[in-house]
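Reader: Hi! Could you walk me through the aromatic rings in this one?
Author: Happy to, let's have a look together.

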Amino acid sequence: MASNRAAGNREDQETVSGAEVIAWALKKQASYAASAVGYLTGRPGVCLVVSGPGLIHALGGMANANMNCWPLIVVGGSADSNQEMMGAFQEFPQVEACRLYSKLSVRPSSIEAIPFVIEKAVRTSIYGRPGACYVDIPGDFVNLQVNASSIKYVECCMPPPVNMADTSAVSAAASIIRNAKQPLLIIGKGAAYAHAEDNIRKLVDQCGLPFLPTPMGKGVVPDNHPNCVAAARSRALQHADVILLLGARLNWILHFGLPPRYRADVQIIQVDICAEELGNNVKPAAALLGDINAVTAQLLEHYNKRPWQYPPTAEWWKVLREKMKSNEEASKELASQKSLPMNYYTVFYHVQEQLPRDCIIVSEGANTMDIGRTVLQNYFPRHRKSLEHFPCRLDAGTFGTMGVGLGFAIAAAVVAKDKNPEKRVVCVEGDSAFGFSGMEVETICRHNLPILLIVVNNNGIYQGFDAETWKEITKLGEISQVGPPVSLLPNSHYEQIMTAFGGKGYFVQTPGELQNALTASLAEKTVPSLINVMIQPQASRKTQDFHWLTRSNM
C-alpha cells in the first residue's frame with residue numbers, strides 16, 4: 001500500500017504504520033543484503049539486525065565495509081523509545097556505538113522522518129568515498145500509527161556525481177609521467193569499483209606503462225597482460241621513480257609508500273575520490289581529486305593531444321622482466337614438485353589449470369590468500385555485459401578481516417544467480433579461515449548455490465603439524481600447555497560438513513585426486529562442493545626452520 005503512494009503529502013486521513021514506512025523506504029532504495037553486494041553492485045546492501053547483541057554482531061561487518069569503502073546500510077531494531085535508560089530488553093547505546101564504524105549513524109526523530117533518513121543513508125553510503133551507514137529504529141515505531149498525510153515520501157537519490165580533476169593538476173601529472181625514467185602504475189580496488197577498466201586499459205596500452213594491481217585491483221587490466229609486473233612486485237615498488245596511484249591507498253598493503261620499500265625520492269601521483277586521502281603518509285608530487293574513471297579519461301585526453309609512450313626497450317623494462325622471469329621460474333619449480341603432501345604452489349597450479357577464466361574468485365586466509373593471489377589469475381574486470389558492475393575478486397581487503405570468505409561467496413553467488421546462472425563462484429580458503437564461518441555451508445546448500453569451496457588444509461594457522469608429530473606433542477603433557485596455539489587438529493575432514501547438508505565433499509591428498517575433484521565439482525551446476533586439500537603442514541613461500549619445538553624441550 002505505502003509503496004504505491006506518490007511523493008509528497010496526502011490530503012486524506014489514512015493511517016500508516018511505522019513498519020510500512022520502513023518497508024517502503026528500503027524497497028525503494030536498496031534490495032541487497034550485505035556489504036559485499038554493495039561492492040559488487042555499487043548500491044548499498046542492507047542488513048537488518050535485532051537490538052543489542054544483534055547489532056553488536058553487525059559491527060564487524062560495518063567496520064569492514066567502512067575500511068574497504070563499500071556501501072552498506074545497517075538497520076537495527078532498538079528498545080522502545082519510552083523505555084530508554086530504564087534497562088529495557090537488549091538496551092544498548094546503538095547510535096553512539098555505530099559512529100565509530102560508519103559514515104552516518106542516526107535514529108529518526110519520528111515515523112514521519114524515516115523516508116528522509118533512509119534516503120540520506122543511501123546517499124551517504126555511495127557519495128564520495130563509499131562506506132557504512134546505520135539507521136536505528138525503536139521498537140515502538142514498528143506498531144505506531146500516524147496519518148499518511150504527515151509522511152513526506154522522498155525519491156531515490158541520484159547516482160553519485162562524477163567529479164573531474166583540476167586540469168592544471170592533470171597536466172602536471174602527465175608531465176611527471178612523461179619525464180619518468182622508471183614509471184609504475186598501481187591499480188587499486190577503487191578503480192574496479194569505479195568501472196574504470198576500459199580507460200585504464202587504454203592508458204596502459206597507449207603509454208606502455210608497467211602496472212601492478214593490488215589484490216582487489218586484479219583483473220581491471222588482465223593479469224596476463226604483457227605490462228603486468230605483479231611477478232616483480234617488490235622490485236617494481238622499490239625502484240620506481242614515478243608512481244601513478246589509481247584508486248589505491250598508501251596504507252599497509254602498499255607499505256605506506258615509505259622507504260625502504262620505496263625510493264626516498266619517489267614521486268607519487270595520487271588519484272582518489274576522497275580529498276582527505278590525498279597526502280596521507282607521502283606528500284604527492286601531483287594530487288588529482290576525482291572519479292578514477294573520469295580522471296583517467298582526462299589523462300588519456302592529454303596524451304591524445306600530445307602523444308607519448310614509455311620506450312619498450314628501456315632499461316627499466318629489462319630489470320623488471322628479469323625479476324619476473326626469475327620469480328616465475330621459482331614458482332614453477334615449486335609447483336612441479338612431486339613430493340607429498342603437496343605444497344601451496346602445486347595446489348594452486350592445478351586449480352588455475354581448471355578454473356573457468358571468467359569465474360569469480362573469493363580468497364581468504366593467511367598463506368592461502370597471499371600465495372593464491374600471486375598464482376590464481378584474473379582475466380576479466382567484469383564478466384559479460386549482464387554483470388557489468390561485477391568485480392572479479394573478493395578477499396579480506398584493507399581491514400584484513402577473517403571470517404568473511406563464505407559470506408562474500410554467498411553474496412557473489414546470489415547476485416550472479418540473478419544475472420547469469422552459469423557464473424561460477426570459487427572460494428579458496430585456508431583451514432583456519434574456514435573455521436570462522438564454516439557452518440555457512442548450510443546456507444549455501446539450502447539455497448542451492450553452486451559455490452566451489454577449496455580448503456587448503458595445512459593443519460594450522462600459517463603452519464601446523466602432521467598427525468605423527470601432533471601425537472608426539474600430546475605426549476609432552478596437557479595439550480593446552482604444550483600445544484602450539486597456531487596448530488589445529490591434523491587431517492580434519494572439513495568436507496564432511498558439506499556432505500552433512502547435501503553438498504559434495506572431497507578429501508584430497510594427491511595432484512590426481514585434486515584434478516578429479518575439480519573436474520567433478522565444476523561439472524555440478526546446482527550442487528555446491530567442498531574440496532579439502534591436504535598440504536605439507538609447514539609449507540610456505542620458502543623453507544622454514546621449525547626445530548624450535550624440539551629445542552624448547554631439550
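Reader: Is Tyr-39 buried or exposed?
Author: Tyr-39 counts as buried, at 2% relative accessibility. Buried means under 20% relative accessible area, exposed over 50%, partly exposed in between (1.4 Å probe, protein chains only). This is a predicted model, where local features need pLDDT of at least 70, side-chain atom pairs count only at pLDDT 80 or more, and totals for chains, interfaces and linings use all residues. Residues are numbered from 1 along each chain as its sequence is written, and side-chain values use heavy atoms, with hydrogens and water left out.

Reader: Thanks! Which aromatic pair does Tyr-39 form with a Tyr?
Author: Tyr-39 and Tyr-193 are a stacked pair, 6.1 Å centre to centre with 15° between the planes. Rings of Phe, Tyr and Trp (its six-membered ring) pair if their centres lie within 6.5 Å; planes under 30 degrees apart count as stacked, over 60 as edge-to-face and the rest as tilted.

Reader: And where do those two sit in the chain?
Author: Tyr-39 is in helix α2 and Tyr-193 in helix α8 (residues 189–193), 154 residues apart. Helices here are DSSP runs (H or I, at least four residues), and strands are too (E, at least two), numbered from the N terminus.

Reader: Which residues form the aromatic cluster?
Author: Tyr-39, Trp-70, Tyr-193 and Phe-408 make up one cluster. Trp-70 is buried as well, at 0% relative accessibility.

Reader: New topic: what lies over the face of Trp-317?
Author: That's Arg-321, at 4.1 Å from the ring centre. For a charge to sit over a ring, NZ of Lys or CZ of Arg must be within 6 Å of the ring centre and within 35 degrees of the ring normal.

Reader: Where is Trp-252 found?
Author: Trp-252 is in the loop between β9 (242–246) and β10 (267–272), and is partly exposed, with a relative accessible area of 46%.
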